[in-house]
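I opened a new notebook page for this structure.

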Amino acid sequence: MKLNTIISRTVFVEMLPPFGLNLFFFSFIFLVTKILDITNMVVNYQVNLGAFLLLLLYSMPFFLAFITPMSVMMAILLTFLRMSGDNEIVALKACGMSLHRFLVPVGFFCLLGWMLTTVIAAAALPWGNRSYFKLSADLAKKHIDAVIKERTFIDNFDGLMLYVTKIDMQDKSLKDVFIEDQRNRSMSNIIVAPAGRLIPDVEQQHIRLRLFNGSINQVGLSDQTAHIIAFETYEMKLDLKQALSGKTRDHKSIEEMTIWELKQLIQTAPQSDKIYYKAQMKYHEKFALPFACFTLGLLAIPLGMQSRRGKRSAGAIIGIILFLTYYMLLSVGWSFGESGTLPPVVGMWAPNMLMGAIGIGLYWRMIKDQPVSFLKKGSAIFRLMLRRKRQ
């Protein structure tokens with residue numbers, strides 16, 4: 001009994017370092033996707049270091065809600081890959097130890113991952129989304145010219161669609177401006193200019209958009225007439241109060257709601273409304289994502305144990321592929337559940353059930369000492385690729 005306790009404690013402790021490393025590594029990978037946007041804010045809009053760090057902090061719960069189950073799976077997988085490669089699994093089996101004993105440290109480790117992901121999804125994620133929104137709104141008010149972004153179709157202004165190829169934030173000059181003006185219901189205007197300039201009025205929250213050497217293509221919607229007007233200088237006023245109205249709302253979005261707020265919204269929203277399905281999906285997501293620690297953790301045990309010395313890399317690659325498959329299924333389930341094609345509970349929980357079934361099947365084959373065919377084939381393919389690369 002004492003030996004089993006020592007082994008369980010040793011296995012549990014060995015899973016902690018790869019969990020921390022995976023959590024750090026995947027967090028860094030996800031944060032890299034925001035580097036361009038954050039760098040643009042720091043360089044062009046003079047966002048201070050404090051706001052920069054707060055934006056990173058507020059965005060972290062979104063990443064961690066998805067990264068934590070992945071880190072739990074990879075920590076268990078790498079631990080058993082190491083033990084299997086060093087023949088420790090074989091030695092323990094020869095000493096008469098049942099493989100079921102490994103379920104104790106793995107189950108406790110998955111429980112801690114479940115608790116951490118639950119706190120993140122239920123409390124930290126709504127707080128982070130709401131705080132990120134408020135801070136970005138405050139930054140937008142202080143740097144109102146940040147509403148105009150290059151290479152982006154901007155439809156914040158009522159009746160206007162604006163596209164700018166290049167913006168120089170030093171002198172507020174614009175290059176290759178395209179505007180679709182539908183504020184006049186009887187006429188559609190397409191304005192094209194090779195150059196322009198932004199003249200912001202911070203106090204009045206207006207931007208004067210001055211265009212040079214362009215043309216206006218007018219199409220009469222009622223009489224089907226068309227005109228082209230060339231101009232040297234053309235100026236229009238953009239109302240930033242209107243553009244920032246979406247950033248100054250008082251109500252919470254679904255992403256910013258807690259479990260109890262989502263439950264109240266589900267009870268009051270019409271069942272045929274898109275908001276009802278989206279709230280249902282977000283509600284079940286707060287439970288399904290933490291539960292993935294158990295399903296993916298169970299899946300990692302047989303993957304790690306059945307990968308022998310020459311198959312470590314192949315087992316890790318197959319584990320990553322299965323993990324990406326889980327999140328692909330999660331995305332598909334979200335799409336079907338949000339549209340009402342599937343019940344939201346099915347769309348969100350089906351990936352867990354499927355991966356759990358695969359994990360139970362692989363675990364059962366492992367207990368019966370039956371090799372997994374796709375692992376064997378995957379390892380053979382991987383070794384063949386390595387052999388060709390060395391040649």
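**Entry 1: salt bridges**

I started with Arg-82, which forms a salt bridge with Asp-86; their closest N and O atoms are 3.0 Å apart. I kept in mind that this is a predicted model. How accessible are the two partners? Arg-82 has a relative accessible area of 23%, so I noted this residue as partly exposed. Arg-82 and Asp-86 belong to a network of salt bridges together with Glu-14 and Glu-88.

I counted the salt bridges in the structure and got eight. Another of them joins the side chains of Glu-256 and Arg-130, at 2.9 Å from N to O. This pair links distant parts of the chain. Glu-256 sits in the loop between helix H6 (240-243) and helix H7 (259-268), while Arg-130 is in helix H5, and 126 residues separate them. Buried or exposed? Both Glu-256 and Arg-130 are buried.

I went on to Lys-278, which forms a salt bridge with Glu-255; the closest N and O atoms are 3.2 Å apart. Again the pair links distant parts of the chain: Lys-278 lies in helix H8 and Glu-255 in the loop between H6 and H7, 23 residues apart. Lys-278 has 25% relative accessibility and therefore counts as partly exposed. Glu-255, at 28%, is partly exposed as well.

**Entry 2: nonpolar cores**

Next I looked up the largest nonpolar core. It has 54 residues, and Ile-76, Phe-80 and Phe-102 have the most contacts inside it. Which helices supply at least two residues each? I listed helix H1 (2-32), helix H3 (49-85), helix H4 (88-94), H5, helix H8 (274-305), helix H9 (312-339) and helix H10 (344-367). H3 gives the largest share, 14 residues. I also found a second, separate core of 21 residues, with Val-164, Met-169, Ile-191 and Ile-216 among them.

Setting aside neighbours within four places in sequence, I found Phe-80 in contact with Val-11, Ile-89, Phe-102, Val-106, Ile-301, Gly-304 and Met-305. Phe-80 and Phe-102 are both buried.

**Entry 3: aromatic rings**

I searched the whole structure for aromatic pairs and found 17. How do the rings of Phe-80 and Phe-102 meet? Their centres are 5.3 Å apart and their planes stand at 85 degrees, so I logged the pair as edge-to-face. The cut-off for that label is over 60 degrees. Phe-80 is in helix H3 and Phe-102 in the loop between H4 and H5, so the pair ties together parts 22 residues apart in sequence.

I noted a ring cluster too. Ring pairs link Phe-62, Phe-63, Phe-66, Phe-323, Tyr-326 and Tyr-327.

**Entry 4: surface**

Last, I checked the surface for nonpolar patches. One of about 610 Å² is made by Phe-108, Leu-111, Leu-112, Trp-114, Met-115, Phe-291 and Met-353. Which helix gives the largest share? Helix H5 (residues 103-142) does, with five residues. I looked up Met-115 on its own. Met-115 lies in helix H5. Its relative accessibility is 43%, so Met-115 counts as partly exposed.

Notes: Residues numbered from 1 in each chain as written. Predicted model: local features only at pLDDT ≥ 70, side-chain atom pairs only at ≥ 80, totals over all residues. Heavy atoms only, no water. Patch = residues over 30% accessible without salt bridge, like charges linked within 9 Å, V, L, I, M, F, W, Y side chains within 5 Å. Areas by Shrake-Rupley, 256 points an atom, 1.4 Å probe, with all protein chains shown as cover. Salt bridge = Lys/Arg side-chain N within 4 Å of Asp/Glu carboxyl O. Helix = DSSP H or I, 4+ residues; strand = E, 2+ residues; numbered from the N terminus. Buried < 20%, exposed > 50% of the residue type's maximum accessible area, 1.4 Å probe, protein only. Core = buried A, V, L, I, M, F, W, Y, C linked by side-chain atoms within 4.5 Å. Contact = heavy atoms within 4.5 Å. Phe/Tyr/Trp six-rings, centres within 6.5 Å; stacked < 30°, edge-to-face > 60°.
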